[in-house]
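Me: Could you show me how to read pockets, strands and loops in a model like this?

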Amino acid sequence: DHANDVSDRIFVTEQRGIISVFPNRDDVTAAGIFLDISERVNNGPNEAGLLSTAFHPQYASNGLFYVYYNHGNLLSRIAEFRVSANADRADPDSERVLLDIEQPAGNHNGGQIAFGPVGMLYIGLGDGGAANDRYQNGQDPTTLLAAILRIDVNTQNDNLAYGIPADNPFVGNNDGWREEIWAWGLRNPWRFTFDRQTGDLWTGDVGQGSREEIDLIEKGQNYGWNTMEGFQCFRPATDCNMDGLALPIVEYNRAEGRSVTGGYVYRGRRTARLTGAYIYGDFITNRVWGLRYENGAVQENTL
């Protein structure tokens, strides 16, 4: 991570509950501790802990940043912190809790948070864990689970510690659907990113036992879990109702990998042949792919 300032520092979020910081130089041999909340973090389950950090777009002037961590009996917590008078040290006592979400199991916590193009905070949450969508959250938009949320950290709505943007897709609905939801029907979108040139939101969604998928996330769309896994029917196994479901951009099967890790659209300068490609990988097999998607179709999926 970087801090949206001119300090040219690298921040590393560690699952145990520590954010480390060091200058962005090749000769650095040690890192300092920017924030230590390890006593508040439950990192017992393999997929739990301090999972992500996002610096406010105006961090240089307001010193605010946000973290996603598991707390207590596996709550998913989104919290705000503030830097101290020492630029390399945050104030651990400055915590303001924005959102606590109960988790029924220790896996599928999602965990990614990131600010989007207009300064809203996006939050990735899995389906509640266990297997086969045991808790039936995938197709239930009355829960915050199995979704990517979008909130406004600069305002507060009613009794909430955050605001709900007026252009979120379900604002004002009469069906009890959570207005924080930006997109839903996701199993475990644990890493998503924005293309810094186009603003497109990309995620890898970890599959159950057959397919891993890459999704281009769009406002209000339902990405199908647990009706579908990748391009395939899941429940029921055949002849599932695909009406209104957003299909993945690509999928891959267990011969190629078993746990997708969403990556980044490359906009660097060192490797011109990768410019505009979405780079992603698999956590188990260590395979890496470069995906090109243009004019509504996959042009290339190799590296």
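**Reading the model**

Me: How many nonpolar, polar and charged residues line the second largest pocket?

Reply: Its lining has three nonpolar, three polar and four charged residues. Here Ala, Val, Leu, Ile, Met, Phe, Trp, Tyr, Cys and Pro count as nonpolar, Asp, Glu, Lys and Arg as charged, and the others, including Gly, as polar. The model is predicted, so local features need pLDDT of at least 70 and side-chain atom pairs pLDDT 80 or more, while totals for chains, interfaces and linings use all residues. Numbering starts from 1 along each chain as its sequence is written, and side-chain values use heavy atoms, without hydrogens or water.

Me: Which residues line that pocket, and how much space lies in it?

Reply: A probe the size of a water molecule, rolled over the atoms, shows where empty space is left. On a 1 Å grid over the protein atoms alone, a pocket is an open set of points with protein on both sides within 12 Å along at least five of seven lines; a cavity is a set where a 1.4 Å probe fits but cannot get out; lining residues have an atom within 4 Å of a point. In this pocket, H2, A3, D5, V6, S7, D8, R9, I10, N24 and R196 form the lining, around about 150 Å³ of space.

Me: How many cavities of 30 Å³ or more are there?

Reply: The whole structure has one. The largest cavity has a volume of about 50 Å³, and its lining includes R187, D205, W225 and M228. Five of the lining residues are charged, three nonpolar and two polar.

Me: Is strand β4 buried or exposed?

Reply: Buried means under 20% relative accessible area, exposed over 50%, and partly exposed in between (1.4 Å probe, protein chains only). In β4 (residues 50–55), six of the six residues are buried, so this strand is largely enclosed by the rest of the structure. Over five bridges, β4 pairs with β5 (residues 64–71) in the antiparallel sense, and S52 stands opposite Y68 in β5.

Me: Where does L274 lie, and what is it in contact with?

Reply: Look in the loop between β18 (260–265) and β19 (278–282). L274 counts as buried because its relative accessible area is 16%. Leaving aside neighbours within four places in sequence, L274 is in contact (heavy atoms within 4.5 Å) with Y266, I279, R292 and L303. The C-alpha atoms of L274 and E179, 95 residues apart along the chain, are separated by 37 Å.

Me: And where is T143?

Reply: T143 lies in the loop between β9 (121–125) and β10 (147–151). At 15% relative accessibility, T143 is buried too. Beyond four places in sequence, T143 is in contact with N137, R178 and I181.

How values were computed. Helices (H or I, at least four residues) and strands (E, at least two) are DSSP runs, numbered from the N terminus. Grid points are joined across faces, edges and corners, and a volume is the space filled by probe spheres set on the points. Two strands pair if DSSP finds at least two bridges between them.
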